[in-house]
Amino acid sequence: MGFDKNFKYRFSKEKYFQYIKNEGRYLSSVEKNFGKKYDGVKVKIINENQGLVDGVYQVMSVWCEKIN
């Protein structure tokens, strides 16, 4: 799954947390705080697989959900 330039996306902490758990890791306090702080924030698309949250932090397309 990648970003489609015709849609807008927002960061989803649930998808982010699930991705980390699927990798077999435990959530660190930094990851928990990041997920809570940026949950629901719009993503600026950089390319097919990456986007930016808050203009600084790179996020993967699998951590995001489409809006309209």
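This is a predicted model: local features need pLDDT of at least 70, side-chain atom pairs count only at pLDDT 80 or more; totals for chains, interfaces and linings use all residues.
**Entry: overall layout**

I counted the secondary structure next and found 2 helices and 5 strands. Reading along the sequence, I wrote down the pattern β-α-α-β-β-β-β. The radius of gyration came out at 11 Å, close to the 11 Å that the globule rule gives for 68 residues, so the protein is as compact as a globular protein of that length. I also noted the span of the C-alpha trace along its principal axes, about 35 × 20 × 20 Å. As for burial, 29% of the 68 residues count as buried.

**Entry: the two helices**

Two packed helices are described by the angle between their axes and the distance between the axes. I looked up both values here. Helix α1 covers residues 13-22 and helix α2 covers residues 29-38; they pack at an angle of about 155°, and their axes lie 9 Å apart. Angles over 145 degrees count as roughly antiparallel, so α1 is roughly antiparallel to α2.

Which residues make this contact? From α1 I listed Lys 13, Tyr 16, Phe 17 and Ile 20. On the α2 side they meet Glu 31, Lys 32, Phe 34, Gly 35 and Lys 36. Sorting the residues of this contact by type gave me 4 nonpolar, 1 polar and 4 charged.

**Entry: salt bridges**

How many salt bridges does the structure hold? I found 3.

I took the pair of Glu 65 and Arg 10 to begin with: their side chains meet in a salt bridge, at 2.8 Å from N to O. This pair links distant parts of the chain, with Glu 65 in strand β5 (residues 64-67) and Arg 10 in strand β1 (residues 8-11), 55 residues apart. I checked the exposure of both partners. Glu 65 is partly exposed, with a relative accessible area of 25%, and Arg 10 is also partly exposed, at 34%.

Then I turned to Arg 25, which forms a salt bridge with Glu 23, their closest N and O atoms being 3.2 Å apart. Arg 25 forms a salt bridge with Glu 31 too, where the closest N and O atoms are 3.1 Å apart. Through shared partners, these salt bridges join Glu 23, Arg 25 and Glu 31 into one network.

Is Glu 31 buried or exposed? I have it down as buried, with a relative accessible area of 12%, because buried means under 20%.

**Entry: Met 60**

My last stop was Met 60, which I located in strand β4 (residues 57-60). At 31% relative accessibility, Met 60 counts as partly exposed. Which residues does Met 60 contact, leaving aside its neighbours within four places in sequence? I noted Phe 3, Tyr 19 and Asn 49. I then looked up how Met 60 and Phe 3 are separated: 57 residues in sequence, and 9.0 Å in space from C-alpha to C-alpha.

Conventions. Residues are numbered from 1 along each chain as its sequence is written. Side-chain values use heavy atoms; hydrogens and water are left out. Axes are lines fitted to C-alpha atoms, for helices over the stretch in contact, and angles run from 0 to 180 degrees between N-to-C directions. Helices (H or I, at least four residues) and strands (E, at least two) are DSSP runs, numbered from the N terminus. Angles under 35 degrees count as roughly parallel, over 145 as roughly antiparallel, 65 to 115 as roughly perpendicular and the rest as oblique. Contact means heavy atoms within 4.5 Å. Ala, Val, Leu, Ile, Met, Phe, Trp, Tyr, Cys and Pro count as nonpolar, Asp, Glu, Lys and Arg as charged, and the others, Gly among them, as polar. A salt bridge is a side-chain nitrogen of Lys or Arg within 4 Å of a carboxyl oxygen of Asp or Glu. Buried means under 20% relative accessible area, exposed over 50%, partly exposed in between (1.4 Å probe, protein chains only). The radius of gyration is taken over C-alpha atoms; the globule rule is 2.2 Å times the number of residues to the power 0.38.
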